[in-house]
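Here is a quick tour for anyone meeting this protein for the first time. Have a look at the sequence and the model, then read on.

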Amino acid sequence: MKIILANPRGFCAGVNMAIDVVDQVLKLQGPPVYVFHEIVHNRHVVDDFRSRGVVFVDTIDQVPTGGVIVYSAHGVSPQVRRESKERQLHEVDATCPLVTKVHMEVLRFAKEGYHIVFIGHRNHDEAVGTMGEAPDVITVVETDAEVADLPFTPDAKLAYVTQTTLSVSDAERIITALKARYPNIKAPPKDDICYATTNRQRAVSELAEDADLVLVIGSKNSSNSQRLVETARDKGKAAYLIDDEKELNPDWFTNRFTVFVTAGASAPEHLVQNLVNRLQRDFSASVSTVGSESSVEVRTLVEEDVAFAAPASLKKLTVLR
Ligand code: SF4
């Protein structure tokens, strides 16, 4: 069996920044450190932080008055910020700047009098935070079929934004349906689906052609990881989302000889390496001389060089401590 390894894969700039923020807060003040929702949607990352004294909370009243609260990469609604203020918490904001960009678009469209269609998954943390910016003038749409049920007249003043981690092709279908029904609907100035989501999906679409099995390292609640599996299946590939190599099922390999391996934006690289090692040890994966990483063929779509600086709120905490 041959392994093809996708590049890019795994951690994006937003996840790197968010994880680094929690590490820094742990170093600065020691445990317990309170984080609102999972810092990123990955079981291994979350379990590791839990073991080091991080407490993930779903409501602000779980944090002791006057304590420190870290907001996850997915962002929070203004209501959460208000509750933190009432409780006199020190906020450290690890929201990905590309999520914040969508929050800003919502605020601007709302101020200009638009009703906003949010294309995304209604219960996802990012969607809840973004829609909380203008809850009275925002409507969520998850599928192109739902566009037909929107209650607005064709001449309504509408704009749309999207969640950052959607399937590029699903989002295109929904946007096409919206434009067909509302020709004057206003688009965001720049695509909201982020570079990392787009690159990882394109890598699966364009680099996995000769693979007969696609394995995606990522957690079940990771939106962008799920979209990678869907992208592969749309291309007619057998594809599975696994948290780690322990979830491999030998039946998947029957009469399949080339496996394409990638990872969602919140999945740590060591899990990819564990998977590759296991494939070589137990599934006779072959050694190839192509690519820069030994024993696998690495296929590169694009080299990413995006990095986000630590948030100002972390620097403020550093000064306070
Ligand atoms: Fe930011 Fe995109 Fe990474 Fe989400 S997937 S944290 S939006 S870079």
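## Salt bridges and pockets

Glutamate 269 is partly exposed, at 32% relative accessible area (buried means under 20%, exposed over 50% and partly exposed in between, with a 1.4 Å probe and protein chains only). Before going further: this is a predicted model, where local features need pLDDT of at least 70 and side-chain atom pairs count only at pLDDT 80 or more, while totals for chains, interfaces and linings use all residues. Residues are numbered from 1 along each chain as its sequence is written, and side-chain values use heavy atoms, with hydrogens and water left out.

So what does glutamate 269 pair with in a salt bridge? Its side chain meets that of arginine 9, at 2.7 Å from N to O (a salt bridge is a side-chain nitrogen of Lys or Arg within 4 Å of a carboxyl oxygen of Asp or Glu). Glutamate 269 belongs to helix H10, and arginine 9 to the loop between strand S1 and helix H1, 260 residues apart (helices, H or I with at least four residues, and strands, E with at least two, are DSSP runs numbered from the N terminus). Arginine 9 counts as buried, at 12% relative accessibility.

Lysine 101 shows up in two salt bridges, one with glutamate 105 and one with aspartate 192. Here they are beside the pair above:

| Pair | N to O distance |
|---|---|
| Glutamate 269 and arginine 9 | 2.7 Å |
| Lysine 101 and glutamate 105 | 3.2 Å |
| Lysine 101 and aspartate 192 | 3.1 Å |

Lysine 101 and glutamate 105 are about one helical turn apart, because they are four residues apart in helix H4. Aspartate 192 sits in the loop between H7 and helix H8, so its pairing with lysine 101 ties together parts 91 residues apart in sequence. Lysine 101 is partly exposed at 26%, while glutamate 105 is buried at 6% and aspartate 192 is buried at 4%.

Now for the pockets (on a 1 Å grid over the protein atoms alone, a pocket is an open set of points where a 1.4 Å probe fits, with protein on both sides within 12 Å along at least five of seven lines; lining residues have an atom within 4 Å of a point). The largest pocket has a volume of about 250 Å³, meaning the space filled by probe spheres set on grid points joined across faces, edges and corners. Its lining has 14 residues, and H7 gives the most, with four. The second largest pocket has a volume of about 200 Å³. H7 gives the most there too, with three residues.
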